[in-house]
Structure formats: structure tokens, C-alpha cells
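Trainee: I would like to learn how to read a sheet and a core from coordinates. Can we work through one case?

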Amino acid sequence: MAEVRTLVITGNGTNCEKESAFAAELAGADSATVVYFSDLIAGRCRLEDYNFLIFPGGFLDGDDLGAAQAAALRWQFATTGDGTPLIDQLNAFFNAGGLILGICNGFQLLVKLGLLPAVGGKYFERQVTLSHNDSAKFEDRWVHLKANPKSPCVFTKGLDILEMPVRHGEGKLVARDEATLQGLVENDLVALQYAHPESGDVTQEYPFNPNGSPYGIAGLTDPTGRILGLMPHPEAFNHPTNHPGWTRGERPTLGTILVENAVKYIKSR
Ligand SMILES: NC(=O)CC[C@H](N)C(=O)O
């Protein structure tokens, strides 16, 4: 049984790193370490020592130039203590079978880095982006999600309807053209979609779809299913009392089930 060594990367404006590490601990990970991006640059921490990487939510660089845009450039061009490109470590981490979870701002980073959706196995090539919500304002509310049973995603395996909070200003998936969007759907890279709370059907209706994302896209995976990026916050629903309906007896599945699935997957290898 493989040991689950989780790394949560913080600094430059993330704000959900502790909750993300807590979610991994709760899910049974053997360790969950929070490190600053600067620790990677200085060579004090190496990605090869871990097998589960979490990019947490927040406001990297204050969302200047677009959410996670500056951070994506930092990842692309930074070199580490020994002068080698940091991106090589990330590439090697993924090729060694590591799992990657990007939550909200972390999802924006994965998309801008081109790690998602990687249609056709083309990694580190930006294919889509996440842009301003149709409402043109920050959306802070609970949403219903439907997991796509056909998706290869290891995080959403066996799941159906989930509930989680969203809190973002730039959550609408935007592609160059309709064919690109179709490619995501046809390749089952859409892992999670906003759903109507009553029918459970995928929805474009505001506010159930909080940002106007086409096909209700709330989360994407890559062709291997080992990367998940999503706008909602699974780590923020780690106990029944987090849910607004808990005093009425509502007990939906915790958001942290996504992290549990990841931990189980690594342990089963
Ligand atoms: N909660 C988050 O991670 C927010 C992401 C980003 N800052 C946005 O507003 O879209």
C-alpha cells in the first residue's frame, strides 16, 4: 500500500491552504505539508518527494492580469536552487503518476498552465481559460454538482450529486470555439457540472450555474483522470455542520469525498 504524501503549495495570495491540508489529513493521507512557492524555488522542497499535489484556492497576485495568470508565468519560467526549471519538476511529478487537485484559484492555475484539460494528451499547452462570471460579480453561494460517470477522473469515481460552496469572480469556462468545447464533452474530460437542486439535471440557469459556464462545466479532468480542477471548494465542506441545511437535518455527502477518493486511489497502487 503506497504512502500518501500530500503537498499543498501556498504563497503569493492563496488562502485555503490549511483547509486543503486538513482535508487530506481527514481523508487518511499519511502526511499533508504546506510549503511556500519560494521554498520550491530555493530548493528547500522538491515535488518528487510527494505523490499528491494540491493547488489551493485564493487570490494569487490579487487576480491581477486575470486569476492565476501571473502565477502560471511564474511556474513556467522559475528556476530552482540548482538552476533547473521548476516546470521540469512538475512534469516529472505528473509523469511519475502523481495526483493533482486544483481548487478554484488552483483550477485557474492548472488551466492557465495547460495541465488541464490536455485534450489529445497535449500537456502544458493552454487550450481553454476561466474568465469573468456572466453576472460580472463575485459569486459566493452553495451549488449542486453532478459527477460525470463516464469521466476517467479518479477523484469523482462512483459519485453522483454533490453540494459545495463556490466563491469566485472568474469561473466561466471559455474556449476559442465550439469545437474545443465539444472536444471536452466528447472526451469525457468534463468531470463535474452544475446541477439544478431539484431535478439534479445539468443546468445553465442562474444562480444554480453561478457563472454561466457552458455545459454547466464546474470541473475538468485530464485524459489520465489523475488531475482534477474545479471551481467549487471541496475542502470547505469537511463536516456536516458546514452545510447550510444541517439544522434541518440535511446530510449531503461531504465535499472532502473527492480528496478521500484520491487518497484511496494512491493507497491502492
Ligand atoms: N476562491 C477562489 O479561489 C477565488 C479564485 C479567484 N480569485 C476568483 O475570484 O475567481
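Predicted model: local features only at pLDDT ≥ 70, side-chain atom pairs only at ≥ 80, totals over all residues.

Trainee: What is the order of the strands in the open sheet?

Mentor: The nine strands run 2-1-3-4-11-10-9-6-7, and the pairing is mixed. Strand 2 (31-36) and strand 7 are the edges, each pairing on one side only. From one strand to the next the twist averages 25°.

Trainee: How many bridges join strand 6 to strand 7, and in which sense do they pair?

Mentor: Strand 6 (residues 139-147) and strand 7 (residues 161-168) are antiparallel, with eight bridges. Strand 6 is also antiparallel to strand 9 (residues 190-195), over four bridges. Lys146 shows both pairings: Ile161 stands opposite in strand 7, and Gln193 is the bridge partner in strand 9.

Trainee: What should I expect of side chains along a strand?

Mentor: In a regular strand they alternate between the two faces of the sheet. Here, Leu145 has Tyr194 as its bridge partner in strand 9. Leu145 is also among the residues with the most contacts inside the largest nonpolar core, which has 74 residues.

Trainee: Which residues are in contact with Ala24, leaving aside neighbours within four places in sequence?

Mentor: They are Thr6, Ala29, Ala32, Phe52, Ile54 and Val259. Ala24 and Phe52 are both listed with the most contacts inside that core.

Trainee: Why does Gly120 count as exposed?

Mentor: Exposed requires 12 or fewer C-beta neighbours within 10 Å; Gly120 counts as exposed because it has 11. Gly120 lies in the loop between helix 5 (105-113) and strand 5 (128-131). Gly120 and Ala24 are 30 Å apart, C-alpha to C-alpha, and 96 residues apart in sequence.

Technical notes
Residues numbered from 1 in each chain as written. Core = buried A, V, L, I, M, F, W, Y, C linked by C-beta atoms within 7 Å. Buried ≥ 20, exposed ≤ 12 C-beta atoms within 10 Å, placed from the backbone. Contact = placed C-beta atoms within 7 Å. Helix = DSSP H or I, 4+ residues; strand = E, 2+ residues; numbered from the N terminus. Pairing = 2+ DSSP bridges. Axes fitted to C-alpha atoms, helices over the stretch in contact; angles between N-to-C directions.
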